[in-house]
Amino acid sequence: MTSLAGQIASAVAEITGGKAPLHAPVFAGNEMRYVQDTINSTFVSSVGEYVDRFEQDLAAFTGAGKAVAVVNGTAALHIALLLAGVARGDEVIVPALTFIATVNAVSYCGAVPHFADSEADFGCLCPQKLRLHLEKTCEIRDGTCINRETGRIIRAMLPMHVFGHPAPMDELMQLAEEYHLTVVEDAAESLGSWRNNRHTGTFGLAGTLSFNGNKTITTGGGGAILFNDEALARRAKHLTTTAKMPHAWDYCHDEIGYNYRLPNINAALGCAQLEQLPDMLRSKRGLHGRYKQAFTGIDGIDLMGEPKGCQSNFWLQTLVLDEGQEHQRDVILQTLNDAGLMSRPIWGLISDQKPYHEAPRAPLDVAHSLARRLINIPSSAYLGGN
Ligand SMILES: *Cc1c(COP(=O)(O)O)cnc(C)c1O
């Protein structure tokens with residue numbers, strides 16, 4: 001009888017056909033042409049037509065009113081939170097189960113993260129548990145939500161769509177309304193994911209994307225902020241371009257801005273990548289189907305599917321160990337990685353990271369359990385065939 005780790009490694013190898021990275025980009029379209037074009041024109045940097053085009057293509061793809069391209073997903077979060085009114089001394093509800101950038105962006109605003117738990121199936125912020133926690137710890141005073149234990153205003157909520165699976169936005173938006181919280185969505189992992197035919201990142205005031213090299217599509221480094229409100233998008237553009245007032249030749253900055261704009265050469269790569277996104281999404285869904293078949297009949301694990309009423313982009317494919325199988329996790333990780341099948345546990349909970357030991361938090365039982373039971377396996381689009 002083969003061990004659980006052995007069975008999993010054979011199933012994964014059957015799909016990958018040999019060594020495979022966790023997630024590699026695919027450049028199969030106009031990437032070289034568009035990048036070459038920026039070099040030929042000399043417009044590789046802060047001015048150029050690819051930035052406008054990339055923003056328009058992103059807005060069209062996601063159905064957001066406007067998209068503003070920026071240097072990376074972390075900068076996108078920083079600006080989105082500032083526009084949500086997050087200020088020094090505020091608190092922001094964040095999931096404990098996320099990449100640290102989500103939480104760091106709160107700190108960049110001088111605000112304090114307030115950690116909340118995950119729902120069991122997909123790991124996103126859990127609206128039911130958050131409601132209980134807010135009922136217990138907060139009160140509404142003059143139209144703001146006050147944390148009674150710290151005396152601080154809880155200004156915003158920052159759900160993240162884990163591994164591309166849409167968070168339960170209807171319930172979260174309802175809760176946010178009741179508690180006067182502004183919603184910013186961290187959609188860094190969920191380009192190409194929809195809930196009830198609405199793209200992730202378009203439910204709240206703003207949603208942020210990342211185009212880092214390991215994400216579904218890449219610009220080398222890059223990010224974007226999605227808005228439904230045009231005036232907010234204009235404000236984001238202003239803040240991310242050093243708050244320079246439009247003028248033919250003079251330099252006048254009307255506030256402290258940021259140098260967060262996406263260079264044209266990166267946007268060129270993004271335009272080419274975006275053209276291939278529908279194909280990539282088909283491949284990634286295909287890969288999910290192949291894994292699902294390969295894992296049928298292996299007891300003790302499950303492959304994370306997609307939430308009801310949603311289309312996930314399947315950015316990363318995730319094995320979920322049954323409760324009671326936690327002790328097998330590291331053996332499975334070792335076996336997979338020894339076989340060249342690059343696999344990773346999820347980030348530990350951010351609430352356990354050194355800078356955030358003292359941050360306020362709800363009970364985090366589910367997030368803790370998931371952190372011990374999830375394994376991401378090779379997920380590149382090219383493994384899905386086409
Ligand atoms: C990748 C990622 C980010 C940050 O994106 P960068 O472009 O690397 O700054 C933020 N949040 C989550 C959840 C991510 O996965």
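Guide: A residue counts as buried when its relative accessible area is under 20%, as exposed when it is over 50%, and as partly exposed in between. These terms are applied here to a predicted model.

Visitor: Is Y291 buried or exposed?
Guide: The limit for a buried residue is under 20% relative accessible area. Y291 has a value of 0%, so Y291 is buried.

Visitor: With which residue does Y291 form a stacked aromatic pair?
Guide: Planes under 30 degrees apart count as stacked. The two rings of this pair have 15° between their planes and lie 5.7 Å apart, centre to centre. Both residues belong to helix α9, four residues apart, which is about one turn of the helix. The partner, itself buried with a relative accessible area of 6%, is F295.

Visitor: How many aromatic pairs are found in the whole structure?
Guide: The pair of Y291 and F295 is stacked, while F115 and Y356 form an edge-to-face pair. A search of the whole structure gives a total of seven.

Visitor: What is the angle between the planes of F115 and Y356?
Guide: The ring centres of F115 and Y356 are 6.1 Å apart. Planes over 60 degrees apart count as edge-to-face, and this pair is classed as edge-to-face. The angle between its planes is 75°.

Visitor: How many residues apart in sequence are the parts that F115 and Y356 tie together?
Guide: F115 is buried at 0% relative accessibility, and Y356 is buried at 6%. F115 belongs to strand β3, whereas Y356 lies in the loop between β15 and α11, so the pair ties together parts whose separation in sequence is 241 residues.

Visitor: Which residue meets E275 in a salt bridge?
Guide: E275 lies in helix α9 (residues 264-295), and its partner lies in helix α3 (residues 49-62), 222 residues apart. The N to O distance is 3.3 Å, and the partner is R53.

Visitor: Which residues are joined into one network with R53 and E275?
Guide: R53 and E275 are themselves linked by a salt bridge. Salt bridges with shared partners bring a further residue into this network, namely D57.

Visitor: Over the face of which residue does R53 lie?
Guide: R53 takes part in a salt bridge with E275. R53 also sits 4.7 Å from the centre of a ring, over the face of Y34.

Visitor: What is the N to O value for the salt bridge of R282 and D279?
Guide: R282 and D279 both belong to helix α9, three residues apart, about one turn of the helix. R282 is exposed at 52% relative accessibility, whereas D279 is partly exposed at 35%. Their side chains meet in a salt bridge with an N to O value of 2.6 Å.

Visitor: Where does E306, whose pair with R285 ties together parts 21 residues apart in sequence, lie?
Guide: The side chains of E306 and R285 meet in a salt bridge at 2.9 Å, N to O. E306 is partly exposed at 28% relative accessibility, and R285 is partly exposed at 33%. R285 lies in helix α9, and E306 lies in the loop between β12 and β13.

Visitor: Which strands stand at the edges, each with a single partner strand?
Guide: An open sheet of four antiparallel strands has the order β12-β14-β16-β15. Each edge strand has a single partner, so one of its sides is left without a neighbour in the sheet; these strands are β12 and β15.

Visitor: In β16, which residue is the bridge partner of P345?
Guide: Strands β15 and β16 run antiparallel and are joined by two bridges. In one of the paired positions, P345 has a partner in β16, which is I375.

Visitor: Which helix packs on the sheet?
Guide: The helix touches strands β14 and β16 of the sheet, and its direction makes about 45° with that of β16. It spans residues 365-373 and is named α11.

Visitor: In which strand is V184 found?
Guide: V184 is buried at 0% relative accessibility. Beyond residues up to four places away in sequence, V184 touches several residues, including A80, L81 and M157. The strand covers residues 182-186 and is β7.

Methods. Residues numbered from 1 in each chain as written. Predicted model: local features only at pLDDT ≥ 70, side-chain atom pairs only at ≥ 80, totals over all residues. Heavy atoms only, no water. Pairing = 2+ DSSP bridges. Contact = heavy atoms within 4.5 Å. Axes fitted to C-alpha atoms, helices over the stretch in contact; angles between N-to-C directions. Salt bridge = Lys/Arg side-chain N within 4 Å of Asp/Glu carboxyl O. Buried < 20%, exposed > 50% of the residue type's maximum accessible area, 1.4 Å probe, protein only. Phe/Tyr/Trp six-rings, centres within 6.5 Å; stacked < 30°, edge-to-face > 60°. Lys NZ or Arg CZ within 6 Å of the ring centre and 35° of its normal.
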